Amino acid sequence: MAENDVHPADPDGGERQQPLEADRLRDLLLAPGYLKALGFSAAIGVPVSLVAFWFLVALHELEHLMWADLPRDLGWDTPPWWWPLPLFLVAGVLVGLIALRLPGGGGQVPASGLHAGGTSPAMLPGVLLAAAVSLPLGAVLGPEAPLIALGGGLALVFRDLARVPATPKSTALLAAAGAAAAVAAIFGNPLVAAVLLMEVVGAGGPQLFAVMLPALLSSGVGALVFTGIGHWTGLETGSLSLRLPMPFPRLDVGDVLWAVPFALVVALLLHPVLGAARRVAAFVSAGVATRTALCAVAAAACAALYTLATGRSPAEVALSGQATLGQLAADPHAWGVGALIAVLALKGTAYALCLGSLRGGLVFPALFLGAAAGVLLAPLPGLGLVPAMAAGMGAAAAATLRLPVSSVVLVSLLLGGTEMIPVVILAAVIAFVATELLPRHQPAGGGRTGPVHGP
């Protein structure tokens, strides 16, 4: 039998599958509706990134006002121990009212993970208000989940204004593109946004390319606009980069060997935190208004207890940890063993409480907890400080988000170099596999439901 006669006779169609997949992708790309969606994705990257920029500027300025300017005006160099209590109480009461009164319940409950799509224009006011009262007032959460909702919802608003036909496929494509443009604003890199949306959407094959090309194009345009307007205005939204006090070391055998048990430990420690967050969400869903405030005050008590025990600022337990992560990386030796243990225990507890009650994202507190664990364990024989922080962040991000590729790309961006990528990949894969093999948590109560990519 001739060689070229073998392939058509293959009952599994193994040799014929590739051309068929390529033909399907070509058909998708040549479809008039898809090409129009691709062009519209480039167009919406501009307004979405502008709105995301000003939203992040507002959050950054409000956070600085509440946690730096006001305490200083009242005569304190750092917030006193009781400072988080009234702020978290206000946040809890307002988020509870927003969840009850406004469409969409103020957005997704963070304990249910990251979602792509599902945010209608009518939900946007509640999403933005809930994030605006949660994050600056101290919620141990990041802004990425509200940004995904903001970008996806705005994309649909612009679609309706432009009178683009609303089909299920175009809605999914444009929502992903808008979300990617908004997320590129906080991560400062369109590739991170595109990879994150790729894993959150969970598509595969030709469908993956069909979804990701608009997301990549929109996030790239958005990043250009975002970077330009940041330089033009001189305003800040917070920097996603670490200034390490030393050059990158060369990885050695000890770093690689320690990464395996270290990643397992991080996954095992974060698993009950995420399980507790789901139980908190279920508890809050039975009485949103009062129980949201109760959980928020409990998170504030963690920050107050930290200050009473260590004498350090309660902001190190409160807030997302984005700014504190930069301080930890710049001067890790300023943190004693007691302070590191206290911040891991109390910020982890506050993280679980906020994940189940307030509104925001999962990424930044997880990165801080992983970095703090790395600094704590760095004195182990044969383990260096930078590899330990890199492995800790990679493991914590993968265990929390259950998005291993996004976790590796994000930590590599944070570190600003490629030297630590092998240990980051190893830690992320180990933590991801360990988390998948551990018992699954029950679904989180309250908030919107949908595809879950997270704890």
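1. R312 and E316 form a salt bridge, with their closest N and O atoms 2.9 Å apart. The term means a side-chain nitrogen of Lys or Arg within 4 Å of a carboxyl oxygen of Asp or Glu. R312 is partly exposed at 21% relative accessibility, whereas E316 is buried at 9%. Buried means under 20% relative accessible area, exposed over 50%, and partly exposed in between (1.4 Å probe, protein chains only).

2. A note on the source. This is a predicted model: local features need pLDDT of at least 70, side-chain atom pairs count only at pLDDT 80 or more, and totals for chains, interfaces and linings use all residues. Residues are numbered from 1 along each chain as its sequence is written, and side-chain values use heavy atoms, leaving out hydrogens and water.

3. The salt bridge count is three. R402 pairs with E436 at 2.6 Å between the closest N and O atoms. This pair links distant parts of the chain, 34 residues apart: R402 sits in the loop between α15 (385-401) and α16 (404-415), E436 in helix α17 (residues 421-437). E436 is partly exposed, at 25%.

4. R72 and D69 also form a salt bridge (3.4 Å, N to O). Both lie in helix α3, three residues apart, about one turn of the helix. R72 is partly exposed at 46%. D69 is partly exposed at 25%.

5. Now the whole fold. The protein chain has 17 helices and zero strands. Helices (H or I, at least four residues) and strands (E, at least two) are DSSP runs, numbered from the N terminus. Of the 455 residues, 53% are buried.
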